[in-house]
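Hello,

Here is the structure I promised to pass on to you.

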Amino acid sequence: MAQFDFIQMLENIQKFRINEILTVPPIMIALAEHPLVKKYDLSRLESIGFGAAPLRREISEEVESMFPPGKLNVMQGWGMTE
């Protein structure tokens, strides 16, 4: 992507069957809260890593809840915890 676009990211995950993404907390928040996320098939995702800033645990739990139990591994990097 020449520049970041959240909807284009969702389209790319679906189109190219991406199974792992590395991201930052604002994108995790968008995944948890943006109404259009449910319109895309993100079922190939197996792992989401994020870092650069702390993120409330509820947000990562909300993203995990969009998938069957145990299907998605959400990891916060760089030793950041609440």
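Predicted model: local features only at pLDDT ≥ 70, side-chain atom pairs only at ≥ 80, totals over all residues.

The protein chain has an average pLDDT of 91, and 94% of its residues score at least 70. Among the elements, α1 has the highest mean pLDDT, at 97, while strand β3 (residues 73-76) has the lowest, at 88.

The largest nonpolar core is made up of 22 residues. Phe6, Leu10, Met28, Leu31, Leu42, Leu45 and Ile48 are the ones with the most contacts inside it. The most comes from α2, which contributes five residues. As a general background, nonpolar side chains in soluble globular proteins tend to be buried together.

Leaving aside residues up to four places away in sequence, Ile48 touches Ile21, Thr23, Met28, Leu31, Val63, Leu72, Asn73, Val74 and Met75.

Next, how do α1 and α2 pack? Their axes come within 12 Å and cross at roughly 75°. That angle falls in the range of 65 to 115 degrees, so α1 and α2 count as roughly perpendicular to each other. On the α1 side the contact involves Phe6, Met9 and Leu10, which meet Ile27, Ala30 and Leu31 of α2. The residues of this contact are six nonpolar ones, with no polar and no charged residues.

Val37 sits in the loop between α2 and β2. Its relative accessible area is 3%, so Val37 is buried. Apart from residues up to four places away in sequence, Val37 touches Phe6, Leu10, Ala30, Leu31, Leu42 and Met66.

Finally, is Asn12 buried or exposed? Asn12 belongs to helix α1. Its relative accessibility is 15%, and the cut-off for buried is under 20%, so Asn12 counts as buried. Again setting aside residues up to four places away in sequence, the contacts of Asn12 are with Met1, Arg17 and Ile18.

Happy to talk any of this through once you have had a look.

Best wishes

Technical notes. Residues numbered from 1 in each chain as written. Heavy atoms only, no water. Core = buried A, V, L, I, M, F, W, Y, C linked by side-chain atoms within 4.5 Å. Buried < 20%, exposed > 50% of the residue type's maximum accessible area, 1.4 Å probe, protein only. Helix = DSSP H or I, 4+ residues; strand = E, 2+ residues; numbered from the N terminus. Contact = heavy atoms within 4.5 Å. pLDDT = per-residue confidence, 0-100. Axes fitted to C-alpha atoms, helices over the stretch in contact; angles between N-to-C directions. Parallel < 35°, antiparallel > 145°, perpendicular 65-115°, else oblique. Nonpolar A, V, L, I, M, F, W, Y, C, P; charged D, E, K, R; others polar.
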